[in-house]
Amino acid sequence: MLFLALFAFLAQAGEFGMQLAGPGPSGTLWLEQTWEFANWSVFARVEGSLPLGFRRANLKLAWNAGGLSLSPELLLLGNVRLDVFLASSFQLSTTWQGGTAGFQVGSKAGLIALNIAPTPLLIAWGALRWEKEEFAVEFDLDGPSPWRPSLTLDIGPLALNFGSTLSLTLSQEAGACAGTSGIQISPDPLQFHSLRWSSRNAQFQAFLASSGQAWWKVQVTKDNWTSSAFFSFSAGAINQAVFELRFAF
């Protein structure tokens with residue numbers, strides 16, 4: 001208890017949370033903390049299952065300077081599996097042809113189950129974006145096994161996506177409400193609609209697709225407390241229900 005009290009006192013920001021999920025009953029508790037020192041930050045999170053079982057612990061150190069970021073990370077799971085990762089990213093923005101151009105590359109490499117059966121992991125990504133007034137074009141590349149390119153064109157409220165999916169979406173916003181309607185052409189034809197309503201202390205979101213998938217989420221914030229409820233449906237039946245309570249300090 002003394003260690004936890006000191007842990008919370010020394011941190012500059014943190015959160016304590018509880019989650020209950022179903023229909024297969026499960027519960028999660030977590031405590032996370034962040035410390036900031038000039039260009040350095042330290043993030044720690046401990047997560048357990050209810051009633052009181054250890055699930056995972058995460059420790060991440062990050063260094064940021066001039067658009068460059070380096071972040072070593074340790075992840076310890078409840079089965080004593082230890083994962084080690086190093087993430088890095090670089091981003092740069094400038095003006096070009098009267099608009100704003102942005103470039104970002106990153107990677108995450110490491111070993112899964114370092115202390116049991118080490119398995120290498122490598123993830124890489126890159127993005128190039130140019131925007132001017134109500135027009136924007138963005139090219140993304142994720143990989144490397146395999147490399148997956150995608151191209152997005154934003155023309156006012158319209159967005160065209162060419163990649164693993166080919167889709168067209170239309171977004172509108174009016175006051176506290178925002179909505180999106182879209183059509184996915186491939187790989188499977190699909191229509192989808194989403195709605196978001198926000199106020200100073202509350203938010204409601206809903207999603208509906210022609211496949212029968214639907215979900216809604218409501219979230220309320222008061223002082224340092226945030227509570228939320230999430231329900232997902234398929235073919236008229238509840239697939240998942242999630243209730244969360246968070247306290248930020």
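Q: How many salt bridges does a search of the whole structure find?
A: This is a predicted model. Side chains of opposite charge can pair when their charged atoms come close. Searched as a whole, the structure gives a count of ten.

Q: Which residue forms a salt bridge with Arg246?
A: Arg246 lies in strand β18 (residues 237-248), and its partner is in strand β1 (residues 13-22). The two are 231 residues apart, so the pair links distant parts of the chain. The closest N and O atoms are 2.6 Å apart, and the partner is Glu15.

Q: Is Glu15 buried or exposed?
A: Buried means under 20% relative accessible area. Glu15 has 14% relative accessibility, which is why Glu15 counts as buried.

Q: How far apart are the closest N and O atoms of Arg129 and Glu131?
A: Arg129 is partly exposed, with a relative accessible area of 28%. Glu131 is also partly exposed, at 34% relative accessibility. The two form a salt bridge in which the closest N and O atoms are apart by 2.9 Å.

Q: What is the accessible area of the nonpolar patch on the surface?
A: The patch includes Leu68, Phe90, Phe103, Leu128 and Phe162. At least two of the patch residues come from each of β5 (68-77), β6 (82-96) and β7 (99-112). Together, the patch residues have an accessible area of about 810 Å².

Q: Why can Leu128 belong to the nonpolar patch, and in which strand is Leu128 found?
A: Patch residues need over 30% relative accessible area and no salt bridge. Leu128 is partly exposed at 49% relative accessibility, so Leu128 passes the accessibility cut-off. Leu128 is found in strand β8 (residues 119-132).

Technical notes
Residues numbered from 1 in each chain as written. Predicted model: local features only at pLDDT ≥ 70, side-chain atom pairs only at ≥ 80, totals over all residues. Heavy atoms only, no water. Patch = residues over 30% accessible without salt bridge, like charges linked within 9 Å, V, L, I, M, F, W, Y side chains within 5 Å. Areas by Shrake-Rupley, 256 points an atom, 1.4 Å probe, with all protein chains shown as cover. Salt bridge = Lys/Arg side-chain N within 4 Å of Asp/Glu carboxyl O. Helix = DSSP H or I, 4+ residues; strand = E, 2+ residues; numbered from the N terminus. Buried < 20%, exposed > 50% of the residue type's maximum accessible area, 1.4 Å probe, protein only.
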